[in-house]
Amino acid sequence: VTVNYGSNPANNGGGDPTFAAAWVAYAKTKNYGIKYWEIGNEVYANGYFGNGYEYDLHILSQNEADRLGQPALSPTAYGNNSLQFYSDMKAQDSSIKCGYVGIGGSLFTSWAQPVVQACGSKTDFVIHHWYPSGSTAAMLAASVNIIPEMQADKAQWTTYLGATKASQIQTLVTETGMGSNTGAAVALFAADTDLTWLENGAVTVDYWYLHSDLLQNNQTPGHAYYGVQMAHLLAN
């Protein structure tokens with residue numbers, strides 16, 4: 001479950017940790033059994049690095065020039081703010097795990113490093129969204145990049161948090177997909193992607209979107225469904 005980091009219920013400021021904590025308390029009361037809670041969604045795209053799309057009212061102005069490089073939108077601010085989310089949410093249910101938004105690729109150092117330094121000592125897991133691009137063939141071959149991405153994560157955690165804490169942090173791939181592709185390629189992609197992440201230490205891989213060749217709009221299985229099913233059976 002992703003809690004709202006970007007805006008409060010009144011829609012006049014950033015996310016409210018007490019509101020997130022209330023959701024945790026509610027879920028516990030209802031015995032929903034929710035274990036993993038993400039702090040925000042793709043916060044690195046809030047405009048701090050330019051041309052953002054992620055809603056984040058830690059700065060009210062939506063003008064791109066006003067948001068670029070604003071300290072309140074920075075990875076350090078996100079990490080520091082996440083500490084209060086962790087504290088308030090775990091006060092309601094100490095058994096849950098809380099994680100921050102990570103990223104690979106071009107923003108790995110500029111985003112992930114300040115976040116790790118700010119809140120890594122408290123985090124339980126790191127969130128990855130993984131969407132390879134290019135031709136169908138290129139996307140089918142992209143799983144080889146998962147291994148160095150996981151290695152880079154672990155090296156960074158070890159550098160800033162120490163080997164013991166680094167070994168305790170989990171990786172959750174909460175979004176992945178093959179874009180507009182359909183057919184057998186998507187089944188192959190889903191199976192290969194799931195299994196490559198899992199064999200290299202991820203604890204879950206979630207295909208996105210639900211109704212984008214995973215399930216059809218009439219709820220019947222799509223191509224990706226069978227790839228995920230194959231990975232599921234093999235994992236069992």
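**Sheet, helices and loops**

Reply: Strand 2 (residues 36-39) and strand 3 (residues 97-101) run parallel, joined by 3 bridges. Keep in mind that this is a predicted model.

Me: Which residue stands opposite E38 in strand 3?

Reply: G99 does.

Me: And what is the bridge partner of G99 in strand 4?

Reply: F125. Strand 3 and strand 4 pair over 3 bridges, in the parallel sense.

Me: How does the chain cross from strand 3 to strand 4?

Reply: Through helix 4. This β-α-β crossover is right-handed.

Me: Zoom out. How many strands are in the sheet, and in what order?

Reply: There are 6, ordered 1-2-3-4-5-6. The sheet is open and the pairing is parallel.

Me: Which strands stand at the edges?

Reply: Strand 1 (2-3) and strand 6 (202-207). Each has a single partner strand, so one side of each is left without a neighbour in the sheet.

Me: Which strands does helix 6 touch?

Reply: Helix 6 (residues 146-161) packs on the sheet and touches strand 3, strand 4 (125-130), strand 5 (170-176) and strand 6. The direction of helix 6 makes about 150° with that of strand 4.

Me: Back to strand 4. How many of its residues are buried?

Reply: 6 of its 6.

Me: Which residues sit on which side?

Reply: F125, I127 and H129 are on one side. V126, H128 and W130 are on the other. Both faces are covered. In a regular strand, side chains alternate between the two faces of the sheet.

Me: What joins strand 4 to strand 5?

Reply: 6 bridges, with the two strands running parallel. H128 has V173 as its bridge partner in strand 5.

Me: Next pair over: how many bridges between strand 5 and strand 6?

Reply: 4, again in the parallel sense. L172 is partnered by T204 in strand 6. Strand 5, helix 8 (residues 184-199) and strand 6 make a β-α-β unit, and that unit is right-handed.

Me: New topic. I'm looking at G104. Where is it?

Reply: G104 lies in the loop between strand 3 and helix 4 (108-119).

Me: What is G104 in contact with?

Reply: H128 and E149, leaving aside neighbours within four places in sequence. H128 is one of the buried residues of strand 4.

Me: How far apart are the C-alpha atoms of G104 and M150?

Reply: They are separated by 9.1 Å, with the two residues 46 apart along the chain.

Me: Let's do helix 1. Why does its length agree with what it should span?

Reply: Helix 1 (residues 17-29) has 13 residues, and at 1.5 Å a residue these should span 18 Å. The end C-alpha atoms are 18 Å apart, which agrees.

Me: Which residues of helix 1 are buried?

Reply: P17, A20, A21, V24 and A27. They cover an arc of only 120° around the axis, which puts them on the same side of helix 1.

Me: What do those buried residues pack against?

Reply: Strand 1, strand 2 and helix 3.

Me: Helix 3, then. Where does A77 lie, and is it buried or exposed?

Reply: A77 lies in helix 3 (residues 75-92). A77 counts as buried because its relative accessibility is 14%, and the cut-off for buried is under 20%.

Me: What does A77 touch?

Reply: Y5, P71 and A72, not counting residues up to four places away in sequence.

Me: And how far is A77 from L210?

Reply: Their C-alpha atoms are separated by 32 Å. Along the chain, A77 and L210 are 133 residues apart.

Me: Last thing, backbone angles. What is phi of N31?

Reply: Near 55°, a positive value in a residue other than glycine. Most residues other than glycine have a negative phi.

Me: Is N31 buried or exposed?

Reply: Exposed, with a relative accessible area of 68%.

Me: What about N51: what is its phi, and where is it found?

Reply: Phi of N51 is near 50°, also positive. N51 is found in the loop between strand 2 and helix 2 (64-67). N51 is exposed, at a relative accessible area of 62%.

Methods
Residues numbered from 1 in each chain as written. Predicted model: local features only at pLDDT ≥ 70, side-chain atom pairs only at ≥ 80, totals over all residues. Heavy atoms only, no water. Buried < 20%, exposed > 50% of the residue type's maximum accessible area, 1.4 Å probe, protein only. Contact = heavy atoms within 4.5 Å. Pairing = 2+ DSSP bridges. Axes fitted to C-alpha atoms, helices over the stretch in contact; angles between N-to-C directions. Expected span 1.5 Å × (residues − 1). Arc of directions from axis to C-beta. Right-handed = clockwise from strand over helix to strand, strands pointing away.
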